[in-house]
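Trainee: I am new to this structure. Please show me how to read its features.

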Amino acid sequence: MKQANRYGGLIARALLVAGVTGWFLLNPDVQGAGRSAMAAGEMSQDQFDQRVHDYIIAHPEVLMQALQSLDARQREAEAAEAKAVLTSRADDIFRDKQSPVGGNAQGDVTMVEFFDYNCPYCRQMAPVMAQAAADDPQLKIVYKEFPILGPDSVFAAKAALAAQKQGKYSQFHKALFDARTRVTEAIVLKIAAEAGLDVARMKSDMQQPEIQALIDRNAELAQALRITGTPGFVVGDQIFPGATNLETMKKLIEQARAQPK
C-alpha cells in the first residue's frame, strides 16, 4: 500500500509539473517573446520550445516558483469566493431557524461551528466553546451538524437533531462529546436514555426528511465556504478552519463585535 501511495504521489507530482511547464509555455509574456523572435527569423517554433525546455532544466527553481504562485492565486480565489458566500448566504449561515442554537440566542455576535461528534478536535473544542459562551453573555452559537466521519457520525447527528424536537439538544450535544469515545449507534442510544430522552420518539424523529435535509444543507454550505474538515468556524466575516484555543476564539469574537453593523 505504501508503494502504491508512493507511485500515486509521484504521478500526481509529475502531472503537476507538466501542468506548470505547460503554463510556462503558454504564458503570454513567454509567448510574446517567442513570437517576436520567430517573427524576426531568429528561431523556429521547435527551437523556441527547446530553448524553454533547456531553461527549465537549467533552472528548476522556476517550477517551484510557478507552483507557489499558482497555489497562492488559487487560495486567494477560494478565499474571495468563500467571503462572497458569507454575504450572499448570511441567512443560511447565521440565521437558519432549524439549526440548533446555544449561548444567547439574541446575542450581538454569532459564532457558527461545523462539527462531527466523532472528530477528536471537535471534542477538544467543546469545553472551549462552553467557556467562551460562559465568559461572553452576548455570544450566540449556531451548531451545524456536519457528519463526515462515517455512518456512526450520521446517526449521532440525526439523533442530536431529533433531540432538539424534545427540547434537549444542548444537554444531549454536551453528553455526546463528554463520552470521550467513538459514538457508535449503541453509545448514542445509551446516552439518549441517560439524558432522559424518549428514545422511541427520537428514533422515529430521526427518520423525518427535514433532518436529513438539514444535514445535506449543512454539507453544501460547508463546501461553499471551503470548509472541508471539522471543526470549522465562522465568526463575523472570518472563516476559521481547525481547532484553536480560548484566547484566539475570544479575539475572533471581539473582532466580529467591532465590525460595523
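Predicted model: local features only at pLDDT ≥ 70, side-chain atom pairs only at ≥ 80, totals over all residues.

Trainee: How do α7 and α11 cross?

Mentor: Two packed helices are described by the angle between their axes and the distance between the axes. Helices (H or I, at least four residues) and strands (E, at least two) are DSSP runs, numbered from the N terminus. Axes are lines fitted to C-alpha atoms, for helices over the stretch in contact, and angles run from 0 to 180 degrees between N-to-C directions. Here α7 spans residues 151-164 and α11 spans residues 209-224. Their axes come within 10 Å and cross at roughly 120 degrees. Therefore α7 and α11 are oblique to each other. Angles under 35 degrees count as roughly parallel, over 145 as roughly antiparallel, 65 to 115 as roughly perpendicular and the rest as oblique.

Trainee: Which residues of α7 and α11 meet?

Mentor: Contact means heavy atoms within 4.5 Å. From α7 come Ala157, Lys158, Leu161 and Ala162; they meet Ile211, Gln212, Leu214 and Ile215 in α11. This contact divides into 6 nonpolar, 1 polar and 1 charged residues. Ala, Val, Leu, Ile, Met, Phe, Trp, Tyr, Cys and Pro count as nonpolar, Asp, Glu, Lys and Arg as charged, and the others, Gly among them, as polar.

Trainee: At what angle do α7 and α9 cross?

Mentor: Roughly 20 degrees, with the axes within 9 Å. So α7 and α9 are roughly parallel to each other. In α7, Asp152, Phe155, Ala156 and Ala159 meet Glu185, Val188 and Leu189 of α9. That contact has 5 nonpolar, no polar and 2 charged residues.

Trainee: Which residue forms a salt bridge with Asp152?

Mentor: A salt bridge is a side-chain nitrogen of Lys or Arg within 4 Å of a carboxyl oxygen of Asp or Glu. The partner is Arg182, with the closest N and O atoms 3.3 Å apart. Asp152 lies in α7 and Arg182 in the loop between α8 and α9, 30 residues apart. The structure holds 14 salt bridges.

Trainee: In which sense do β4 and β5 pair?

Mentor: Two strands pair if DSSP finds at least two bridges between them. β4 (residues 232-235) and β5 (residues 238-241) pair in the antiparallel sense over 4 bridges. Gly232 stands opposite Pro241.

Technical notes
Residues numbered from 1 in each chain as written. Heavy atoms only, no water.
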